[in-house]
Amino acid sequence: MAMETEELTYQLPKEWRENKKVVSLYPPIPKHTDGVDFDIYDFEMLFNDEPTNNLIRTGQTIGCFYIESPGMRSLLRKLDVHDFELLTAASSIIRPGVAESGMMQEFIARHKDPCRRKYLVPEMESVLGETYGVMIYQEDVIKVANQIAGLSLEEADLLRRAMSGKMRSHSAMKSLHDRYFESCKEKKLTDEQASELWRQIESFAGYAFCKAHSASFALLSYQVAFLKSHYPAEFMASVLSNMGGFYSAAVYVWECKRLGLKILLPSINKSNYEYTGSKDEIQIGLMAIKNLSRNSIQKILDERKNDGEYHSLADFLIRTKLGFEETSILIKCGAMGCFKKTRPELLRLLDIYIHKRKILNESYNDLFLHETFVMEDEVKTNINFNLEEICKTEYETFDYMVTRHPLYFYRSFTEHSLIVKARDLKKHRDKNVRLIGWYMTSKRIKTRKGDIMKFLSLEDTTGTFEAVIFPREYEKFAEHTMSMGPYIIDGKVDDNDATNVVVSNLSVLSVSSVKVADQKDSVDNKYFGDVEKISEEDFMLLEGIDKEKLRLAYAS
């Protein structure tokens, strides 16, 4: 029977792929074709692949489905997640209900220390043994309500659905509540035991995943982690082409650099529409260039496909018929570096071709060809834009810098001997440090007491870290947490997870010279992927903060 079950398990993926009723955005990765020497549906291979497991356990999962958020990466490190079962559990306990009930912390503690695996009711060991007595799946609610509290399976499932907010009748909910405590008495549970079980069920049942849901998430996470481990260029290029995930494109670009990948500027002769990756290089796609229309990109690609690469600016203009504005954008961002001319020279030539020779006019017939050749010679220059101008143009064109990290321009601060690098935080566990970081994302939450605190995810050129700003400090520094940075962070490194720094002091090096950040957080502990919305209720929550300063900060 065991063998038959095992065979069925490994036949299912093939049936899934051959089932024409399944709608998919992308075809499955084939095995042993076009250089692909693996089967992404070989689960035994995935779960036992050491580079993949190492990437997951160390939380180097930026770009990986469901396990890339700061909180999840921290959880992976705390649990030392190294197998599928543990990743399945992690995928569920990160959910708001489990985390808010305090059971996520309890699960971590019990995972690390077997001595803490004590059960509220002795019988719970047989019911929740694999999760150390902690309810983390929806099925756990049913099992506890049925086997521990004594409800029937129908009543237990009804309780689960009621807790998830799917029961609109208050009287029915009251009836379930009474029935639960009545049943607990019949099962000889104490009032304290019954109340604590009810609290745990009530706190997370509405948010918890069923185990199959968590397992399916964990499976996909394993698949993409495998791709990042073994094919980082191709994988990260796909993440960028997919318009990112939890983070902005800038975060993924600098994750690529930390992985040792070379980022190539877009090129009219090399780039496709999307980002492409191969070996240790990623070519930025033409899709990354703002204010360049899809039709214009398609013209560039079609013309190149039909008649070969472009040989000069004039050749490009005559073949594509692109206008002055879009062509100047291509020049400024470096997409015409293949012509081996400086950007100022190409911009001068563009002016000559468009406004003097008018080569885009249908009636073009240059009667003064000799004079225009003289003009072309006169505008030649070896002087290029300086580094600041190049990076500024990249930021304006792509929304991120490629040639240098933004912190490069603060080297006099970042290279100071007192500044600790993100990669060295593990050497400073439980010690006070000073770091400088650039904004990645943020999350603002309410504590159990109703106070507001914030998590700032920051990066330097060596790694990432989380600045944890507790309510007392947030009251002081809230107005400073609204920019891209650079942030100077003073704080204590978490002993359990060295990527977390508890903030004691926070300041911004230069508020006026950086772009105000789009915040991606919520007071409801939910990430929606949209910009942070501020309401009057937020200001009422932040009683201890100077309201006028905060209003100005948000308005900026």
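Reader: What share of the contacts in the protein chain with a separation of 6 or more is accounted for by residues 24 or more positions apart?
Author: This is a predicted model, and its protein chain comes to 25 helices and eight strands. Counting the contacts with a separation of 6 or more, the share from residues 24 or more positions apart is 58%.

Reader: How much of the protein chain is made up of buried residues?
Author: A residue counts as buried when its relative accessible area is under 20%. Taken over the 556 residues in the protein chain, the buried residues make up 48%.

Reader: How are H18 and H19 oriented to each other, roughly parallel or roughly antiparallel?
Author: Two packed helices are described by the angle between their axes and the distance between the axes. For helix H18 (residues 324-332) and helix H19 (residues 343-356), the axes come within 9 Å and cross at roughly 165°. Because angles over 145 degrees count as roughly antiparallel, that crossing makes H18, relative to H19, roughly antiparallel.

Reader: Which residue classes make up the contact of H18 with H19, and how many residues are in each?
Author: H18 passes H19 in a right-handed crossing. On the H18 side the contact is made by Phe324, Thr327, Ser328, Ile331 and Lys332, and on the H19 side by Arg343, Leu346, Leu347, Leu350, Asp351, Ile354 and His355. By class, the residues in this contact of H18 with H19 are six nonpolar, three polar and three charged.

Reader: What covers the buried residues of H18?
Author: The buried residues of H18 are Glu326, Thr327, Ser328, Ile329, Leu330 and Ile331. Just after H18, glycine 334 takes a positive phi of about 95°. The cover over the buried residues of H18 includes H19, helix H16 (294-307), helix H17 (313-320) and helix H21 (387-398).

Reader: Which residues touch the most other members of the largest nonpolar core?
Author: In soluble globular proteins, nonpolar side chains tend to be buried together. The largest nonpolar core here has 91 residues. With residues up to four places away in sequence left out, phenylalanine 316 touches Ile268, Ile300, Tyr310, Lys321, Leu322, Thr327, Leu330, Met336 and Phe339. Within the largest core, the residues that touch the most other members are Leu313, Phe316 and Leu330.

Reader: Is methionine 72 buried or exposed?
Author: Methionine 72 lies in helix H4 (residues 70-79), and, leaving aside neighbours within four places in sequence, methionine 72 is in contact with Tyr66, Ile67, Leu87, Ala90, Ser91 and Ile94. Since the relative accessibility of methionine 72 is 0%, this residue counts as buried.

Reader: Which two residues does a cis peptide bond join, with omega about 0°?
Author: The place to look is the loop between helix H23 (471-477) and strand S7 (487-493), where proline 486 is found. The cis peptide bond, with omega of about 0°, joins glycine 485 and proline 486.

Reader: Is lysine 188 buried or exposed?
Author: Lysine 188 sits in the loop between helix H11 (170-186) and helix H12 (191-204), and its phi is near 65°, a positive value in a residue other than glycine. Because its relative accessibility is 73%, lysine 188 counts as exposed.

Reader: What is the relative accessible area of asparagine 291?
Author: Asparagine 291 lies in the loop between strand S3 (281-283) and H16. The phi of asparagine 291 is near 65°, again a positive value in a residue other than glycine. Asparagine 291 is exposed, and its relative accessible area is 65%.

Terms used. Residues are numbered from 1 along each chain as its sequence is written. This is a predicted model: local features need pLDDT of at least 70, side-chain atom pairs count only at pLDDT 80 or more; totals for chains, interfaces and linings use all residues. Side-chain values use heavy atoms; hydrogens and water are left out. Axes are lines fitted to C-alpha atoms, for helices over the stretch in contact, and angles run from 0 to 180 degrees between N-to-C directions. Helices (H or I, at least four residues) and strands (E, at least two) are DSSP runs, numbered from the N terminus. Angles under 35 degrees count as roughly parallel, over 145 as roughly antiparallel, 65 to 115 as roughly perpendicular and the rest as oblique. A crossing is left-handed if the near helix is turned anticlockwise from the far one by less than a right angle, and right-handed if clockwise. Contact means heavy atoms within 4.5 Å. Ala, Val, Leu, Ile, Met, Phe, Trp, Tyr, Cys and Pro count as nonpolar, Asp, Glu, Lys and Arg as charged, and the others, Gly among them, as polar. A nonpolar core is a set of buried Ala, Val, Leu, Ile, Met, Phe, Trp, Tyr and Cys residues joined through side-chain atoms within 4.5 Å. Buried means under 20% relative accessible area, exposed over 50%, partly exposed in between (1.4 Å probe, protein chains only).
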